[in-house]
Amino acid sequence: DNKSNFFKENNFDHSISIVGRPNSGKSSLINSLKGVKVSLTGEIANLTRDPVETEIIWNNINFKVFDTAGISKNTKNLKKVQRISVIETKRKIRLSEIIILILDINNYFERFNLRLIRLIINEARFLIIVINKIDTITKYSESYIKQNVYDSFPEIKKTPIYFISAKKKIGLNKLMQGIIEFLPIWEKRISTNKLNLWLKKIMVKNPPPLYNGNEVKLKFISQIKSKPPKFILFTNYPKSIRESYRKFLLNDLKKTFKFDGIVVNLILSKSRNPYEKL
């Protein structure tokens with residue numbers, strides 16, 4: 001696909017975009033990971049207008065890293081230059097595999113941050129949440145903050161969350177090692193045979209409700225993509241399946257095949273009847 005060609009042409013293994021609010025520490029993080037100053041930092045918001053691109057080699061893996069412009073709350077009132085920066089940031093999200101959403105520990109619990117999470121999930125990117133500036137707080141609870149984030153957005157439950165100080169270079173090894181450990185899950189492919197054995201068990205254990213008195217059959221499933229993992233499930237009545245049941249299928253699929261912490265797509269499609277007219 002286009003993304004694979006993009007990686008080959010540019011000679012790197014994986015791409016990362018660092019996104020977040022202005023002054024959340026995106027530029028500091030990229031500078032600390034790189035070991036040299038490649039992106040402007042400072043107290044003034046929106047210093048990064050044009051996304052900075054650099055390469056970082058970690059454990060012999062070559063990452064292309066994009067430092068994007070901070071996305072402000074009120075995008076309607078942005079000046080033209082800033083609006084272009086927001087468009088470019090969204091483009092980089094679509095182009096990247098891994099998105100590091102960096103949140104300031106002093107205001108991580110903002111509704112706007114949830115909008116950023118929604119954008120990343122809709123693009124089905126590999127989301128990593130980073131709570132930055134831990135050096136600015138004397139006492140905090142990692143488990144409490146994680147639970148707050150997960151409770152606010154159940155779809156990202158088990159998404160990895162790391163606590164760092166980009167400026168003081170605290171927690172960076174743990175962050176990058178965590179990304180490397182999650183990559184095999186992101187790239188994983190499940191055989192069609194295993195998937196359909198799972199589907200048969202679902203039909204026995206918890207089949208979908210009847211539709212107008214007719215049995216809803218889950219007939220066949222296959223993985224059509226990795227990075228992000230994407231599955232297509234064929235059924236005789238796809239429109240009858242409620243979102244709650246689709247989520248049940250998705251959660252059971254993720255649990256069974258150990259896709260925890262990764263955004264997975266499940267598409268429901270109408271199975272073709274061979275006796276129907278073409």
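Trainee: At what angle do helix α2 and helix α6 pack?

Mentor: This is a predicted model. In it, α2 (residues 26-34) and α6 (residues 172-187) pack at about 85°. Their axes are 11 Å apart. Angles of 65 to 115 degrees count as roughly perpendicular, so α2 is roughly perpendicular to α6.

Trainee: Which residues make the contact?

Mentor: From α2, Leu29, Ser32 and Leu33. From α6, Leu172, Leu175 and Met176. By class, that contact has 5 nonpolar, 1 polar and no charged residues.

Trainee: Now strands. Which residues of β2 are on the covered face, and which on the uncovered one?

Mentor: Start with the general idea. Side chains in a regular strand alternate between the two faces of the sheet. Now take β2, residues 52-58. Val52, Thr54, Ile56 and Trp58 form its covered face. Glu53, Glu55 and Ile57 form the uncovered one.

Trainee: In what sense do β2 and β3 pair?

Mentor: Antiparallel, over 7 bridges. Glu55 has Lys64 of β3 as its bridge partner. The hairpin has 2 residues between the strands, and Asn59 takes a positive phi near 55° there.

Trainee: What is the strand order in the open sheet of 3 strands?

Mentor: The order is β7-β8-β9, with mixed pairing. An edge strand pairs on one side only; here those are β7 (218-225) and β9 (265-270). β7 and β8 run antiparallel, joined by 6 bridges. In that pair, Ser222 stands opposite Ile232 of β8.

Trainee: Which strands does helix α7 touch?

Mentor: α7, residues 192-205, packs on the sheet and touches β7 and β8. Helix α8, residues 243-256, lies across β7, β8 and β9. The α8 helix runs at about 125° to β9.

Notes
Residues numbered from 1 in each chain as written. Predicted model: local features only at pLDDT ≥ 70, side-chain atom pairs only at ≥ 80, totals over all residues. Heavy atoms only, no water. Buried < 20%, exposed > 50% of the residue type's maximum accessible area, 1.4 Å probe, protein only. Helix = DSSP H or I, 4+ residues; strand = E, 2+ residues; numbered from the N terminus. Pairing = 2+ DSSP bridges. Axes fitted to C-alpha atoms, helices over the stretch in contact; angles between N-to-C directions. Parallel < 35°, antiparallel > 145°, perpendicular 65-115°, else oblique. Contact = heavy atoms within 4.5 Å. Nonpolar A, V, L, I, M, F, W, Y, C, P; charged D, E, K, R; others polar.
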